[in-house]
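Please load the model in a viewer and keep the sequence panel open beside it.

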Amino acid sequence: HPPGRERMIGGVLSPARLAAQCSAMRLVGGAAVRMQSTGAAHQAVAETKWGIERTANNRIPVYRDIRNHNTRELTVIRKVHGDLEGLRLQIIREFDVLPKDVWCKVGRVEIRGMHTHEVIAWLRSKGF
């Protein structure tokens, strides 16, 4: 790989590289864990078991999709990896949607309704 560029695995930094790059991250049990300062002691806050990769333009990949001749509106979260069911459950709790209105597909999660701006703000608050 070219000098000055970190080695990436499948387009995503490995947990070891991620922990090495960020002083607030540590490698614990094969997963990157964010260290949070509480006074003099550091307390490990486990990261979510799912992740979202940003687009080539460094944007969060959340899109609106209109199907069935403009009668069905969806919010689509793309480039998702890890525990999709865990993400689905967090979305149900956070956005007060019915469980039948959130679908997990390979690499993406679909939500019935227009929640694009709320999902982007929520993901940014989570650190993505």
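**Conventions**

This is a predicted model, in which local features need pLDDT of at least 70 and side-chain atom pairs count only at pLDDT 80 or more, while totals for chains, interfaces and linings use all residues. Residues are numbered from 1 along each chain as its sequence is written, and side-chain values use heavy atoms, with hydrogens and water left out.

**Whole chain**

Begin with a cartoon of the protein chain, which has 3 helices and 11 strands. These are DSSP runs numbered from the N terminus, helices being H or I with at least four residues and strands E with at least two. From the N terminus on, the order of elements is β-β-α-β-β-β-β-β-β-β-α-β-β-α. Of the 128 residues in the protein chain, 30% are buried; buried means under 20% relative accessible area, exposed over 50%, and partly exposed in between, with a 1.4 Å probe and protein chains only. Contact means heavy atoms within 4.5 Å. Among contacts in the protein chain between residues at least 6 apart in sequence, 47% join residues at least 24 apart.

**Helices α2 and α3**

Next, select residues 84-95 (helix α2) and residues 116-125 (helix α3). Two packed helices are described by the angle between their axes and the distance between the axes. Here the angle is about 115 degrees and the axes are 12 Å apart. The axes are lines fitted to C-alpha atoms, for helices over the stretch in contact, and angles run from 0 to 180 degrees between N-to-C directions. The angle makes α2 roughly perpendicular to α3, a term that covers 65 to 115 degrees.

Show side chains at the contact: α2 contributes L87, Q90, I91, E94 and F95, and α3 contributes E118, V119 and W122. By class, this contact has 5 nonpolar, 1 polar and 2 charged residues. In this scheme Ala, Val, Leu, Ile, Met, Phe, Trp, Tyr, Cys and Pro count as nonpolar, Asp, Glu, Lys and Arg as charged, and the others, Gly among them, as polar.

**Aromatic rings**

How many aromatic pairs does a search of the whole structure find? There are 3, where rings of Phe, Tyr and Trp (its six-membered ring) pair if their centres lie within 6.5 Å, and planes over 60 degrees apart count as edge-to-face. Select F95 and W122, an edge-to-face pair at 5.6 Å centre to centre with 80 degrees between the planes. F95 lies in helix α2 and W122 in helix α3, so the pair ties together parts that are 27 residues apart in sequence. Both F95 and W122 are buried.

**Loop residues**

Move to the loop between β6 (50-52) and β7 (62-67), where T55 is found. T55 is buried, with a relative accessible area of 17%. Beyond its neighbours within four places in sequence, T55 is in contact with P61, Y63 and K79. N58 lies in the loop between β6 and β7 as well, and has a positive phi of about 65 degrees although it is not a glycine. At 52% relative accessibility, N58 counts as exposed.

Finally, select D101 in the loop between α2 and β10 (102-105). Is D101 buried or exposed? D101 counts as buried, at 12% relative accessibility. Leaving aside its neighbours within four places in sequence, D101 is in contact with E110, I111 and R112.

Terms used. Angles under 35 degrees count as roughly parallel, over 145 as roughly antiparallel, 65 to 115 as roughly perpendicular and the rest as oblique. Rings of Phe, Tyr and Trp (its six-membered ring) pair if their centres lie within 6.5 Å; planes under 30 degrees apart count as stacked, over 60 as edge-to-face and the rest as tilted.
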